[in-house]
Amino acid sequence: MTNAPVFAVVGHPNKGKSSVVATLSQNDAIAIALEPGTTRARQDYPLTVDGRKLYTLVDTPGFQRPRRVLQWLEAHSISASDHPETARAFVLQHRGDDRFVDECELLAPIVEGAGIIYVVDGSVPYSAEHEAEMTILRWTGRPSLALINSIGEDDYSDTWQAALGQFFQVVRKFDAVRAPFEQHLSLLRAFGQLEPDWEAPLERATRFLSEQRRQRRRQAAGLVARALEDLMSYQERRTLTLNQIAETSDASLAETLRDRWYRHQRQREQALRIDIEHLYQHQRIRRQEAELQWHSQHDLFSEDTRKHWAVSKRYLATAGFGAGAVSGAGIDAVTFGSSLGTGALLGGLIGAAGSYFYGDRLVLPALSIGPMKDGLKTASFGPVQDSQFGYVVLGRAVDHWWHISQRNHAGRDLLELEPADHHWLEQLDKASRREIQKAFERCRKQRALAHQQREQFAAAIEHALAAYDDWRLNRA
Ligand SMILES: Nc1nc2c(ncn2[C@@H]2O[C@H](COP(=O)(O)OP(=O)(O)OP(=O)(O)O)[C@@H](O)[C@H]2O)c(=O)[nH]1
Ligand SMILES: [Mg+2]
């Protein structure tokens with residue numbers, strides 16, 4: 001596949017050209033800024049999947065002197081049949097000419113054979129000043145498509161549509177920042193219709209991208225499952241001499257180990273965040289300070305978190321079994337490893353008050369000091385003895401994954417993980433819920449998951465991702 005299509009993304013300065021390139025090439029390193037003139041030189045951005053180049057997008061600076069260029073073209077043309085030749089001659093003759101640096105940069109890839117993606121801002125009114133640009137592009141004779149990318153709130157896309165339709169073969173609305181994945185694919189297909197040589201490679205590109213999306217979800221589920229396994233089974237340990245034990249109170253030992261345990265858990269969760277972001281080729285996501293610093297408001301262990309991260313008390317009470325299933329034999333199956341009896345705990349959970357639930361007592365592990373061995377004792381803290389903790393982590397992880405999987409590479413805003421107090425997990429099939437609950441139980445008992453159990457756990461998490469995706473979709 002040597003002839004992967006090349007598209008030059010061109011237009012007026014500051015209309016979202018680089019944003020379109022960033023999104024379609026899945027590259028968040030591309031400079032996007034409020035000031036016009038951010039892109040100064042032509043730059044190629046190939047999109048590769050599994051080492052295969054599917055297409056290349058060329059980011060370009062905006063037109064600066066389109067009327068002057070058009071004058072030159074008109075003065076050097078005899079008839080319409082020489083328009084593409086004349087456009088090529090313009091580029092050849094003006095290389096190094098200070099007046100037309102930007103025009104040469106943006107026209108060069110087109111006269112070399114690239115297709116044209118012309119980007120306009122549909123939130124400002126159409127103006128005739130664009131006609132020189134559009135005419136120049138038409139002169140090149142290359143396949144062309146116009147994108148109406150709305151930067152602001154207003155909508156003038158109708159007048160744009162009418163004007164662009166006279167110059168371009170296809171006109172589409174495309175929001176570089178918000179367009180969902182399906183629209184990326186549909187855009188590629190539209191291009192395939194413009195040029196017979198591109199139809200097959202672009203059809204292949206859409207297949208590869210769809211497959212990549214499925215694979216990424218599977219890999220994301222694997223990452224979340226591994227993180228949950230680590231978090232649920234983590235134990236902080238410290239070996240102490242007799243002297244140390246004599247000098248240290250249980251309370252301060254517990255505090256030290258607990259602090260370290262907390263830190264580990266938070267770091268592990270952060271590592272998961274970054275792994276997920278990198279999986280989707282997001283290398284520079286800025287998250288809220290509060291998220292990175294674990295401001296107490298967003299603390300993994302706070303009541304606030306539980307409320308906000310899609311884990312209701314009622315859900316927690318019936319986690320893995322579905323509402324109403326926790327009765328009779330069901331209760332035995334729910335082993336909430338707590339110092340309280342199962343019955344008492346469930347009473348507290350289901351009871352209207354239940355407000356003590358999720359206090360540190362239940363969620364957090366306790367300090368344990370082992371027997372003396374060779375003059376040393378080992379103090380340990382963890383693993384967490386309440387599998388509900390896993391659901392809190394899962395709810396947060398799934399929500400983060402969803403935002404990342406939806407995020408276009410033109411997005412530069414802060415990632416704010418909005419609170420949601422919903423029962424989305426109830427949409428998950430029972431078998432998957434049971435699988436997740438089983439894995440949590442094993443982990444908190446520090447029994448390593450066997451290969452097959454790990455796979456089943458990851459598959460259940462993948463179902464959870466899909467369920468969450470559906471739930472978000474239906475909510476929108
Ligand atoms: N809300 C919103 N803003 C956008 C969109 N596309 C671009 N912008 C904003 O518009 C501004 C310009 O975007 P760029 O992609 O840098 O535009 P450009 O055409 O490459 O600009 P130059 O390289 O300077 O010619 C940036 O502040 C973007 O964040 C969009 O689809 N939605
Ligand atoms: Mg730019």
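The structure is a predicted model, in which local features need pLDDT of at least 70 and side-chain atom pairs count only at pLDDT 80 or more, while totals for chains, interfaces and linings use all residues. Residues are numbered from 1 along each chain as its sequence is written, ligands are numbered from 1 in the order in which they are written, and side-chain values use heavy atoms, without hydrogens and water.

**Ligand 1**

- Ligand 1 is surrounded by 22 residues, each with a heavy atom within 4 Å of it; Lys17, Ser19, Gly37, Thr38 and Asn149 are the closest.
- This shell comprises eight nonpolar, nine polar and five charged residues, where Asp, Glu, Lys and Arg count as charged, Ala, Val, Leu, Ile, Met, Phe, Trp, Tyr, Cys and Pro as nonpolar, and the others, Gly among them, as polar.
- A polar side-chain atom of serine 19 lies 2.6 Å from an oxygen atom of ligand 1, and a backbone N or O atom of glycine 37 lies 2.7 Å from an oxygen atom of the ligand.
- A backbone N or O atom of serine 150 is 3.5 Å from a nitrogen atom of ligand 1.

**Aromatic pairs**

- The whole structure contains 14 aromatic pairs (ring centres within 6.5 Å; planes under 30 degrees apart are stacked, over 60 edge-to-face, the rest tilted; for Trp the six-membered ring is used).
- Tryptophan 261 and tyrosine 262 form an edge-to-face pair, at 6.1 Å centre to centre and 70 degrees between the planes.
- Tryptophan 261 also forms an edge-to-face pair with phenylalanine 381, at 5.9 Å and 70 degrees.
- Tryptophan 261 is buried, with a relative accessible area of 0% (buried is under 20%, exposed over 50%, partly exposed in between; 1.4 Å probe, protein chains only).

Note on methods
Polar contact = N/O pair within 3.5 Å; in protein donor to acceptor, adjacent residues only side chain to side chain.
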